Amino acid sequence: MASEEQISAIKRAKVLMVGAGGIGCELLKTLALSGFQDIHIIDMDTIEVSNLNRQFLFRQSHVGQSKAKASTFTILRFRPKISITPYHANVKESRFNVDFFKEFDVVLNGLDNLDARRHVNRLCLAADVPLVESGTTGFLGQVTVHLKGKTECYECQPKPAPKTYPVCTITSTPSKFIHCIVWAKDLLFAKLFGDKNQENDLNVRSSDTGNSSEHSADVFEYRKDEDIEQYGRRIYDHVFGHNIEVALSNEETWKNRNKPRPIYSKDVLPVKMTEKNGDTEKDCATGDVSVMAFLSLKNPQDIWSLAENSRVFLEALRLFFSKRLKDIGNLTFDKDDQLAVEFVTAAANIRASSFGIPLHSLFEAKGIAGNIVHAVATTNAIIAGLIVIEAIKVLKKDNNNYRMTYCLEHPSRKLLLMPVEPYEPNKSCYVCSETPLSLEVNTHHSKLRDFVEKIVKGKLGMNFPVIMQGASILYEVGEDLEEDMVAIYAANLEKAFSELPSSVISGTVLTVEDLQQEFSCSINIKHREEFDEEKEPDGMVLCGWVEAPVDKDNNKPIGNGESTSNALPSEEKDVEIQEMSGGTETVTGKKRKLSEVDESKKQKKPEKLDVDDEDDELVISDDWESLAKKNRV
């Protein structure tokens, strides 16, 4: 039974929930049933059919409605006396500023992306409001508590970058199916249906090797009144046949590799599609456009043969040009676009067949292409319960009993929930400890625009930056700026560092602020002449802001549900379970827990993992499953 003190703390608390998706639905239900009386919810998303299998506050009739408002309506049906205030909005809007956050006793995150998490973390630090962060990935999950000056902030540990692959591997020497997916999605799909002016290695022509043929023209150009199947076969023969032959001409490449085989459409599909399959116009006149429906490929978990993949490839391309011609030139791959997924699956499988890589089903290919895995509703419910437990501790100011709790996929010493004491703030954190950063950049060539887009917004997560050198403002964003200042700042963006009104050279210290987040940091500039284009594509290197390394050998997407930011303590030899009267503690070896003052009891901080996700799906950077197995205790 809850104590009077606990009940009182719950009833008088004003709580802000950010996110009303997989975790958010379970969290709102648990808060309402636990006695919380004043709850505010921010969520910018609307309900989709795919949400209904795990977000149990929503019904079919709610599809298309605001998640924040629909969840509020559902809860008030069985808890009509509590106050719930929904905001169908982006938490990064200017109205949700520091003063807004100061109104709350605790903030509970059920967010679905890294950028928003960082933004909320900084607002909570500026407002000095406790933050309870959470995330799930499949059967794994976590809840962490962040209090200014007492525990690590959300950004005290680095987050991993999304997995990337060298361009040369993707275009020339794929060895894994993920390489074929990236090629099909980011190169071929983009070239056919996206910006026509982009250049990539798919533009290799016979003339490049001294031959003369139809390939001397742009094979990707759709000619007026051209038969669509003829066009599709020309694309097929170019990317799966001709380009492979061009690659084979470089014998040095294949000395220690298995040679790919060129594939031409006439060898796989000697009969024209129209002669064999007829017309799909009537079949696709109603409902979503889908090749699978017409070709009777009913099970998305079946692995198609080379011939079936070739039929899907040609038919999908035909449907894009016959049904969605107006979209061509502006399309980007969307995991929810059935026709796009069918095309990418087929193209990746044909390329995989050429390079001797095992083929995959559409279900698997979609998961890889969208970096998605299906959510586990039970994990969301468990994590929501743990969030409320930690929120109650925060409201009671029960500092000694805060826990970061990890939900495991497999029992470890009969435990599925592993509580760990929070860690002290990282003194090197540029967010909560204001440690200066340094930037290596060619001050003569790199433009201020690159710095703003790639570093200030891309890496530091600022939304409305102000960049200053001393008292001079080099760049500023704001709705209240005068037109002449907007023009000056726009002109500055196109100038190199050394050409700015207040010249930025080696040794210059820039101050970068985000007034909405009430966050600022200092960046020491260091001039550097050259950068490795492959390893340092940005042409600048930020030091003091470190991304966690990713697993180079693991490429398959893993994990479910909402994204996560922490991992378990990382080395089995450093982990020891101790049975204590207050529960189970995990003692490790380097970073100090809040409760430890003796040097002999320092604790190692957990390795941080962070992945971006979309509600029920996520971009993966590391192998959670192997990590969990590695940390058996």
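**The cysteine site**

Reply: Cys429 is buried, at a relative accessible area of 3%; buried means under 20% relative accessible area, exposed over 50% and partly exposed in between (1.4 Å probe, protein chains only). This is a predicted model, where local features need pLDDT of at least 70, side-chain atom pairs count only at pLDDT 80 or more, and totals for chains, interfaces and linings use all residues. Residues are numbered from 1 along each chain as its sequence is written, and side-chain values use heavy atoms, with hydrogens and water left out.

Me: Which residues does UniProt place under the feature "binding site"?
Reply: The record is an unreviewed entry. UniProt positions are given in the numbering used here, feature names are shortened, and annotations may be inferred rather than shown by experiment.

Me: What is the largest C-alpha distance among them?
Reply: They are spread over 280 residues of sequence. In space they cluster, and the largest C-alpha distance is 8.6 Å.

Me: Which residues does Cys429 touch, not counting those up to four places away in sequence?
Reply: Cys429 sits in the loop between strand 8 and strand 9 (437-441). Helices (H or I, at least four residues) and strands (E, at least two) are DSSP runs, numbered from the N terminus. Contact means heavy atoms within 4.5 Å. On that basis Cys429 touches Cys153, Glu155, Cys156, Glu434 and Thr435.

Me: Is Cys432 buried or partly exposed?
Reply: Cys432 lies in the loop between strand 8 and strand 9. Leaving out residues up to four places away in sequence, Cys432 touches Leu125, Cys153, Cys156 and Pro425. Its relative accessibility is 29%, so Cys432 counts as partly exposed.

Me: How many disulfides does the count come to?
Reply: A disulfide is a covalent bond between the sulfur atoms of two cysteines. The rule here asks for a pair of cysteine sulfur atoms within 2.5 Å. By this rule the count is 0.

Me: Which residues is Phe343 in contact with, leaving aside neighbours within four places in sequence?
Reply: Phe343 is one of the residues touching the most other members of the largest core. Its contacts are Leu188, Phe189, Leu192, Phe193, Phe313, Ala316, Leu317 and Phe320.

Me: How many residues make up the second, separate core?
Reply: Its members include Ala13, Ile47, Phe58 and Val132. The size of this core is 40 residues.

Me: Which residue in strand 7 stands opposite Val143?
Reply: Strand 6 (residues 140-146) and strand 7 (residues 404-412) pair in the antiparallel sense over 3 bridges. Opposite Val143 stands Thr405.

Me: In which order do the 6 strands of the open sheet run?
Reply: The pairing in this sheet is mixed. Strand 12 (residues 509-514) and strand 13 (residues 519-527) run antiparallel, joined by 6 bridges. The order is 11-10-12-13-9-14.

Me: Is Ala20 buried or exposed?
Reply: Ala20 is in the loop between strand 1 (14-18) and helix 2 (22-33). Not counting residues up to four places away in sequence, Ala20 touches Cys25, Ile41, Asp43, Gln55, Phe58, Lys67, Ala68 and Ser71. Its relative accessible area is 1%, so Ala20 is buried.

Me: What percentage of the 633 residues in the chain is buried?
Reply: The secondary structure comes to 18 helices and 18 strands. Buried residues make up 54%.

Note on methods:
Core = buried A, V, L, I, M, F, W, Y, C linked by side-chain atoms within 4.5 Å. Pairing = 2+ DSSP bridges.
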